[in-house]
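Subject: Model with ligand, for your files

Hello,

Please find the structure below, followed by some notes on what was found in it.

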Amino acid sequence: MFKRVLIANRGEIALRVIYALKELGIESVAIYSEADEHSLHVQFADYAIRIGPPSPQDSYLNIARIISAAEVAGVDAIHPGYGFLAENPEFAQVVEESGFVFIGPPSEVMAMMGDKIEAKRAMREAGVPVLPGVDEPIWDVDKALKIADSMGYPVIIKAAAGGGGRGMRIARTPEELENNFKVARAEAAASFGDPRLYIEKYIQKPRHIEIQLLGDKYGHVIHLGERECSIQRRHQKLMEESPSPAVDAKLREKIGRAAVKGAKAIGYQSAGTMEFLMDEDGNFYFMEMNTRIQVEHPITEMVTGIDLVKQQILIAAGEKLEYKQGDVTITGHAIEARINAEDPDMDFAPFPGKITLFHKPGGPGVRIDTHVFAGYTIPPYYDSLVAKLIVKGRDRKEAISRLRRSLEEFIIDGIRTTIPFHLKIVEHPDFVSGNIDTHFIERMNKEG
Ligand code: MV4
């Protein structure tokens, strides 16, 4: 087992990793930038190393400085959290080559999933349903037009190096395709340094359903059910729930089995997530795979009782998976609201600053993952997540009423937050009835 682990991250996820390390009896080493000197992850870790100025490039994204800190601290392994370097295969490779264990999948597997064309090809070959299209790069407009013609419009153009909605273009007619193809290629080349594009049939009103996976170093892979992530705005998730109101036990089994088959085919290990789109008829299609622990992992922890971060660490240390598929049961219903320091009345502009009053909701079925407290100043350099409010109820109805009262009880003064916007969502009849898709927020905003 590891004796000491470095956390290459900040904020609530750094704390979350420290909790798991403490429970496992492993020493924790925090790294921090100048802006995070008074942060809780620095206080709660056994050791803390200042690695640079506030700019992410010089601190949490700086591979050389992080490796130096790991060497100085004499750690066995590095946990990347989410964001920053968590899905950077070069970082994973440098960690491995420097003699540390990377708490995540092997760098080659991460690199393969980072290439969205390669990922799709691997999943198609493994027998996982993928979005209709061609899983090879399309180099010219004429080829794109031919493919779209045989598939039928609308189609969507995506960047091989993209993901998370970056560099996507929809085309509803050949004219739009001609134009958008050129725009997408220029954009992909400029923002990713990789101009490769691919094309898929565009699903008009999809749900975003993702499957949580755990795989060990010995080829055992299990799934922990799904998360419904359709409540998002400009590709930023606002609220997630598990189980999905659109997935029953039979469908869960079917998608879960497909995801496990895909993960086994690529030799996946650690925690990972397969993202699917589900159309209105309940057909599901692989979209991409996330090779990190995700922001929304707590809702899966709430309904399965499995500590995902602890499992990641045990797997990385070479332990056999403690759970078999039959050990996994989904109990109750969990919802997460991501509370950001943003002003919903100002197009969600970031609102960093000092928190003057912080009152958390409590009571049964309420979990709050946060790094903030009264007197803490949210720095302007990083993402604007203030707290994750996670509630669990016996069923969806109870979870929603618990979320609503918890949002009403949550007091965060001194800054603007997205709490009022979350209240609008939980009070919306379509959210309450579970009638949601990826366009829900757009529709809600149009209603005024
Ligand atoms: C799609 C799609 C419809 N059809 N692909 C957005 C994020 C990136 N991972 C892929 N995305 C989409 N791909 C096909 N073939 C619709 C989206 C999409 C979306 C997906 C999940 C959650 C929110 C979304 C919002 C807009 C578009």
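Predicted model: local features only at pLDDT ≥ 70, side-chain atom pairs only at ≥ 80, totals over all residues.

Residues are numbered from 1 along each chain as its sequence is written, and side-chain values use heavy atoms, with hydrogens and water left out.

Around the ligand there are 18 residues, of which Lys 158, Glu 200, Lys 201, Ile 203 and Glu 288 come nearest (a residue counts if one of its heavy atoms lies within 4 Å). A ligand nitrogen is 2.9 Å from a side-chain N or O atom of Lys 158, and a ligand nitrogen is 3.0 Å from a side-chain N or O atom of Glu 200. At Lys 201 a backbone N or O atom lies 2.7 Å from a nitrogen of the ligand. The ligand exposes 530 Å² when taken alone, and the protein buries 93% of that (Shrake-Rupley method, 1.4 Å probe). By class, the shell divides into 7 nonpolar, 6 polar and 5 charged residues (Asp, Glu, Lys and Arg count as charged, and Gly as polar). Domain 2 (132-201) and domain 3 (207-447) each give at least three residues to this shell; the bounds come from an automatic or database domain assignment.

The second largest pocket has a volume of about 220 Å³ (an open set of points on a 1 Å grid over the protein atoms alone, where a 1.4 Å probe fits, with protein on both sides within 12 Å along at least five of seven lines; lining residues have an atom within 4 Å of a point; the volume is the space filled by probe spheres set on the points). Of its 13 lining residues, His 223, Arg 252, Glu 253, Gln 325 and Val 328 are closest to the centre.

Regards

Notes. Polar contact = N/O pair within 3.5 Å; in protein donor to acceptor, adjacent residues only side chain to side chain.
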